[in-house]
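Please read them alongside the coordinates.

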Amino acid sequence: MRVALLAHRRFPIAPPFAGGLESFTWHLARSLRKRRIDVTVFAGPGSDPSLGLEELSFRPIELSDSARRDAAMTSESHVEETFAYMQVMRQLAQRPDIDVVHNNSLHYLPIMLGSTVPSPVLTSLHTPPTPWLEPALRLCADTITTSAVSQDVARQWEGIVVPRIIRNGIDIAAWPFAGGGDDLVWFGRIVPEKAPHVAALIARRAGRRILIAGPLSDPDYFRHHVQPLLGDDVDYVGHLMPTDLAELVGASAVCLVTPEWEEPFGLVAAEAMACGTPVLALRRGGLPEVVRPPGGMTTPVGASLAETVDDAAALLPQVEALDRRAVRHHVEENFDMTHMVDRYVEFYEEMRSA
């Protein structure tokens, strides 16, 4: 089988990852190759060359001075992204050797032009509805095949598409079990919707020190909302490489996950729990499914959920007391990447033989 993966182009598919979507695509590509599946990938500049994948190339746009002066000119990066996806879909239209196209972009063109490709196209929904994706999926609802990374994401797309739920998985070996430590940890993209400032407030309310790690994806947010909180008890340690990040998380007492949006899945929660580090998360989006999968346990095994800063601070001792071995076992049973890849490969086979 030959599969083409369309990645989100905004950031390189390479460690240290800009976010969960980049990590997902990188690990999926590597896992498919390990199963001797031929993989063709479309990814942005700077993506990991060690993946050994065929990068679908595109010609950079050429804009005249007159075009750049147009009053209606949108951002040049948006123009580049749009024409990059247009070119890759034109290339795929000439590739009968590809069995399945797996679209993991956040762009409307792979959806709108999916019918021009000779192979079936699977679009994975990694986010709640957006102004770009929603109209495209409405227009193509009768012909599009979709999956969703959580029951919550699927619920948010109700009335438009009915996706198959394939929850994210992680490479458990990359997040080794460790014995913990005294400090709290928060890691992820430094952006308002991930809200590390809320984690800092929880830690301060509980009288605990917290280390914050991740890329400064929104420097203004960091400058105005996180930096003023830094001090002896709140420390930003930078954007760490995966091995260093796993070591930090494993040496932490509890991982805080504090989204201020409907978190589609919550990959960081699974990664922290793989290290044995229990998670204290705000109840948003798909996070309850990571903490307690549907049909699973009703008492906290790997994590606990809170509604407010005060709730979280009060719950912290209970979460810290969880058995770290049981925390890791929870991830091994529910979020091993092998299970995720099994589900995708089964789906690919169904689409190819339909």
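1. Buried means under 20% relative accessible area, exposed over 50% and partly exposed in between, with a 1.4 Å probe and protein chains only. By that criterion strand β13 (residues 303–306) is covered on both faces, with A303 and L305 buried on one side and S304 and A306 on the other. Strands (E, at least two residues) and helices (H or I, at least four) are DSSP runs numbered from the N terminus.

2. The model is predicted: local features need pLDDT of at least 70, side-chain atom pairs count only at pLDDT 80 or more, and totals for chains, interfaces and linings use all residues. Residues are numbered from 1 along each chain as its sequence is written, and side-chain values use heavy atoms, leaving out hydrogens and water.

3. β13 pairs in the parallel sense with strand β12 (residues 279–282) over four bridges (pairing requires at least two DSSP bridges). One of the bridges joins V279 to A303.

4. Eight aromatic pairs are found in the whole structure (rings of Phe, Tyr and Trp, the last by its six-membered ring, with centres within 6.5 Å; planes under 30 degrees apart are stacked, over 60 edge-to-face, the rest tilted). W175 and F187 are stacked, because their ring centres are 5.9 Å apart and their planes at 25°. Both W175 and F187 are buried. Ring pairs also link F24, Y344 and Y348 into a cluster.

5. Two arginines sit over rings (CZ of Arg or NZ of Lys within 6 Å of the ring centre and within 35 degrees of the ring normal): R164 over F347, 3.9 Å from the centre, and R325 over F177, at 3.8 Å.
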